[in-house]
Amino acid sequence: MAEGKDLLQVLWNGADVLRGKMDANEYKTYLLGLIFYKYLSDSYLAKAYDLLNDESPKSLEDAQYAYEEAMGSEEAEDLLAELKESKHYILDPDMTYISMLNTVKNNSFNREKLQAAFNRIEESDELFNGLFADVDLYSNRLGANDQKQSVTIAEVIKALDGVDIIHTEGDVLGNAYEYMIGQFASETGKKAGEFYTPHGPAQILCRIAMSGQEGKKGLQVYDPCMGSASLMLSCRNYSEEPDYIKYYGQELMPSTYNLARMNMFLHGVLPENQHLRNGDTLDADWPTDEETEFDVVAMNPPYSAHWSAAEGFKQDERFMDYGGKLAPKSKADYAFLLHGFYHLRQTGAMAIVLPHGVLFRGASEGTIRKTLLENGSIYAVIGLPSNMFYNTSIPTCIVVLKKHREKRDVLFIDASRLYEKEKKQNVMRKEHIDRVLELYLDRKSVDKTAYLASYEDIKNNDYNLNIPRYVDASEEEVKVDLRQLSGRIRETDKAIKAENDALLEMLGELTFADAETKDAVEEFISVLREV
């Protein structure tokens, strides 16, 4: 098996080929797309070899040779049928990654053949429709002419040769892939908010939403703003039955939607457990015709986004029970929250990252917040450190929601100081994450850190959930004893005078080679005597 470090190094070598030709937001599409193509091709050859020989191949070359031999024999038709059933796609022998690599090595690489391979995969099953649409093999970004563009793609194919997918488990490769997505997010800065939630907030979000549901078989996880699907896939880490989780996710950006689909496969998620859709979450509700309520809802929507807030939404079941109010056009935060909450199962838990404004803004948002609090829907509010996310430096919070609670209390946690500074971002380490979970599960007031507020507390605060109203994290000023301070100042002055006197005595014993030096030293002595 390829070690994680080596695997990441190989992936970065591929990225190095494209750096400088385009920005990270563009070249991530090429690199991650080609990694995924290699994954599909290599795993396809490994399956073919296993069907032919009832064992795993020792190398890609062995698998390629066996596949080529079989395709020229009478068993070709049966083999293809079995491959299509198990892998959901088929490839001709000259469409595999190893075949492409061999043409690169003998200088006969043809990107038309690679495009044909992409097309064949996409046409094999609706699961793969449009999957490689963003990997434009004919883009001028790759080079000034046909030859240079082909050379660039060939160099990436060659760089990825070190990724041993056949002997690498799905999670290992998937985690490396996700690590790369995180690195690209760091490089792309503001654009990254559309596809990645940093590790610390993601782990807190998922651990909280999964709490008490770790042993459930057939758990259903939902993220209507899924980005690269990192939040949903993080839930696997806290499940005792990860292979049975069903994922439901929606994403507005087509390129990010494709990234999520690839991420699912690279983590070894079975096709029947993937329910992903490219669409606008707020404009049209989804899902509506299959499972509509989920055990876990985990969300990191775009902050204070614009939406239509059309009057018709007041009759939409997602938004209709909140005092006749909708989230304002300029701030869709509560629209996303209510959408996710609508799809939460009665026994489930929802965790969503939002800007602090949702805790205290008035008008329609105040009405929606009051209704949620009156219903006991808001379970906890956790303040995160600032500068945690790639698309904003503003402080954010996690709001946890549950349905049909008898009590209407709310736990407030101030985690704003639980971080380490790392380059441009603040980072939450394992000990910080564990501390937040400990406070969340204990559900008790802790001085300067957490406060369990009763419904009366919240009502008395006019339904304002601003964390400093409940958790006083300010530090007391250190009392200064003026007499002690005066004494220390006197002692310091005495010490300075003694040192000056000693220096003056030493300077008075000097002899000089010329008049200019003597004048300079005498001027220095006069300055010291004035001190």
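1. Which helix holds serine 150? Serine 150 sits in helix H7, residues 146-159; helices here are DSSP runs of H or I with at least four residues, strands are runs of E with at least two, and both are numbered from the N terminus. Before going on, note that this is a predicted model, where local features need pLDDT of at least 70, side-chain atom pairs count only at pLDDT 80 or more, and totals for chains, interfaces and linings use all residues. Residues are numbered from 1 along each chain as its sequence is written, and side-chain values use heavy atoms, with hydrogens and water left out.

2. Back to serine 150: its relative accessibility is 18%, so it counts as buried (buried is under 20% relative accessible area, exposed over 50%, partly exposed in between, with a 1.4 Å probe and protein chains only). Its side chain makes a polar contact of 3.2 Å with the side chain of arginine 111. A polar contact is a pair of N or O atoms within 3.5 Å; within protein, one must be able to donate a hydrogen and the other to accept it, and residues adjacent in sequence count only if both atoms are side-chain atoms.

3. Have a look at helix H5 (residues 97-105) too. Because 7 of its 9 residues are buried, H5 is largely enclosed by the rest of the structure. The buried ones include Tyr97, Met100 and Val104. Just after H5, asparagine 107 takes a positive phi of about 60°.

4. Tyrosine 44 belongs to helix H2 (residues 24-53) and is buried, with a relative accessible area of 0%.

5. Now the charges. There are 19 salt bridges in the structure, each being a side-chain nitrogen of Lys or Arg within 4 Å of a carboxyl oxygen of Asp or Glu. One of them pairs aspartate 434 with arginine 207, at 2.9 Å from N to O. That pair ties together distant parts of the chain, 227 residues apart: aspartate 434 is in helix H14 (residues 430-442) and arginine 207 in helix H9 (residues 199-210). Aspartate 434 is partly exposed at 26%, and arginine 207 is partly exposed at 24%.

6. Finally, arginine 345 and glutamate 291 form a salt bridge, with their closest N and O atoms 3.4 Å apart. Arginine 345 lies in strand E5 (residues 344-355), while glutamate 291 is in the loop between strands E3 (274-278) and E4 (294-299). Both belong to a network of salt bridges that also links Lys216 and Asp295.
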